[in-house]
Amino acid sequence: MAQDDSAEWNTDDDLYFEIDNFQSSPKSSSPVVTSSDHMFATLVDMGFSDDVIARAIQENGPNAETSVIIDTISKYSMNCEPSSSKSKTIYHFLAMGFDEEKIIKAIHKHGEENMEEIANALLSSEADMKEEDNIDWSDSDDEMNDDEKDPDSFDSCNPLSSLVKMGFSELEVSLAIERCGDSVSIADLADFICAAQIAREFDEFHIEPEEQKPRQNIRKSQKEPRPSTNDQPLRLPNPMIGFGVPNESVFITHRSLPALARAPPYFYYENVALAPTGVWETISRHLYDVAPEFVDSKYICAAARKRGYVHNLPISNRYQIQPAPKLTIQEALPVTRKWWPTWDTRTKLNCILTVHASAQLTKRIRLALEAHTGEPSEATKRFVIEQCKKWNLVWVGKNKAAPLDGDEIESLLGFPRNHTRGGGITTTERLKSLGNSFQVDTVAYHLSVLKPLFPDGINVLSLFTGIGGGEVALHRLQIPMKTVVSVEISEVNRNILRDFWEQTNQRGVLIEFADVQDLTKDKIVELMKRFGGFDLVIGGSPCNNLAGGNRVSRSGLEGEQSSLFFEYCRILDVVRETTKEMRRS
């Protein structure tokens, strides 16, 4: 959910999470680059060279949109005509993005007519360089791609030893083996232990307003650390299914919330799961010490979206909205089946990004595949699959991989068709808005418990609303929205929510604010007295400084955008205290 419309970073894609280990920005002699760090970093990730990027930015100006810069770079390649000093073969592989010196060496070795051998040599050279440059990320096991991570790669003959190495105690492992049997896989045993750990901390959810005690010194300063009651870093579960998801057999139906979190109203906060160290501990401390529920939406739909949710909602009797989303890529995007190669074994997409792959990259993939008369070489396959995973490319023709379009992304994220289309919104704006949104089916699964509690409708305070993922979830659950007070800084996103409100014939009241700082204590109290209070405070503050794809300013909750989390806490405190006073009067 975007608060800063100018920032484009929002992904917890595991392919990018290694960036947490270093901060880097491209080097260039051009002064333009330093004023376009976000754009420059994005284009470098797409595979363009520093010099070409700097030239394109210089030509179009530092304020040009990323898509314009990409088009300009693509024209450089298309307008490149063979001269007497360079052959067509050299230009063919230059257009694919390979280094000229390596191309010439490959031509000398294999001959100018052997295009397939040249392509294999160049791709193998790139793969070798990548292996040599690999960094040991051995301390980031929890941040690996779940599809590539093999939980049973430990000693399967000795699950006790393997699970102890994973950080579980011998007692926990012994009890799990006794309960589940010694024939159960290590992955299932680890999942059982994680579920048991959570179950020990949580009882049946209930509301006892009288047990609520004044919450003092929630924070003296946004940046001042508070002592933690738990010195152990928060461990991300694997699989990331929270208290259970519709398509898995493990469900936890009881938990005990800290006393401070039991009183109304309900609150629901979301952000990226793979955040810098200590972020989720801080979030939990500032939200009444409620432990986050980590869920990857790949268990609910065809696209991964690793998120943490801190909430005081009941967790029993959840249900999935219908029709349920498709669980595989080819089920969700059936038009791709005809062209999907057998060697591309992906069944799930990675996290939906706020940027597209470039036309140059998709052209490079096509040329690499066309260089082979039969099945591509292993080196070519590795290169293509790596790029397809990184940019969520799907197959739309023979040797043609393409980015997802807006309609496909809307469907994958659970939004109605054309939710973000029209009204003057550009393709770039549409992609950014969708990339920063909730995965509606996941959120609706959590919010489904509210339907029997509010049969006559619900009053909602929606912070950092984005394109209205929470509102769409409530609508799809058929929970009437009597009042929605929405706070969203992006005018584009506000227009999208307003269109949704009108097109779905909502009977309730929609009140919009642009800035969370406009919600002063007096304004909140006034709104609550006018509408009888808020039943749900929902939101996900900007993840710009938390997301793994941000090379430039991944500074955690102290970052300019992500520090707005503390505004969520401030507003929630006022709402809860005012609710308490209204109940007494």
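Where in the strands does V460 have its place?

1. V460 belongs to strand β6 (residues 458–463). Bear in mind as you read that this is a predicted model. With a relative accessibility of 1%, V460 falls under the 20% cut-off and therefore counts as buried.

2. The surroundings of V460 are worth a click. Leaving aside residues up to four places away in sequence, V460 touches L474, T483, V484, V485, F534, L536 and I538. V537 sits 77 residues from V460 in sequence, yet the C-alpha to C-alpha distance is 6.0 Å.

3. V485 has I511 in β8 as its bridge partner. Strands β7 (residues 481–487) and β8 (residues 509–513) run parallel and are joined by five bridges. Between them the chain passes through helix α20 (residues 491–503), making a β-α-β crossover that is right-handed.

4. Helix α20 also turns up in the packing of helix α17. In α17 (residues 427–435), the buried residues are R430, L431, K432, S433, L434 and G435. These buried residues pack against α20 and against α16 (406–412).

5. Now to the rings, where the structure has eight aromatic pairs. For W280 and F294, the ring centres are 5.4 Å apart and the planes stand at 85°, so this pair is edge-to-face. The two come from distant parts of the chain, 14 residues apart: W280 lies in helix α12 (residues 279–286) and F294 in strand β2 (residues 293–296). Both W280 and F294 are buried.

6. Two other ring sites deserve a look. Y269, F565, F566 and Y568 form a cluster linked by ring pairs. Elsewhere, R576 lies over the face of Y288, 4.6 Å from the ring centre.

7. Finally, the overall picture, in case you want numbers for the whole protein chain. The chain contains 22 helices and nine strands. It has 585 residues, of which 53% count as buried. Taking contacts between residues at least 6 apart in sequence, 73% join residues at least 24 apart. The accessible surface is about 26,600 Å², and carbon and sulfur atoms hold 48% of that surface.

Note on methods: Residues numbered from 1 in each chain as written. Predicted model: local features only at pLDDT ≥ 70, side-chain atom pairs only at ≥ 80, totals over all residues. Heavy atoms only, no water. Phe/Tyr/Trp six-rings, centres within 6.5 Å; stacked < 30°, edge-to-face > 60°. Helix = DSSP H or I, 4+ residues; strand = E, 2+ residues; numbered from the N terminus. Buried < 20%, exposed > 50% of the residue type's maximum accessible area, 1.4 Å probe, protein only. Lys NZ or Arg CZ within 6 Å of the ring centre and 35° of its normal. Contact = heavy atoms within 4.5 Å. Areas by Shrake-Rupley, 256 points an atom, 1.4 Å probe, with all protein chains shown as cover. Pairing = 2+ DSSP bridges. Right-handed = clockwise from strand over helix to strand, strands pointing away.
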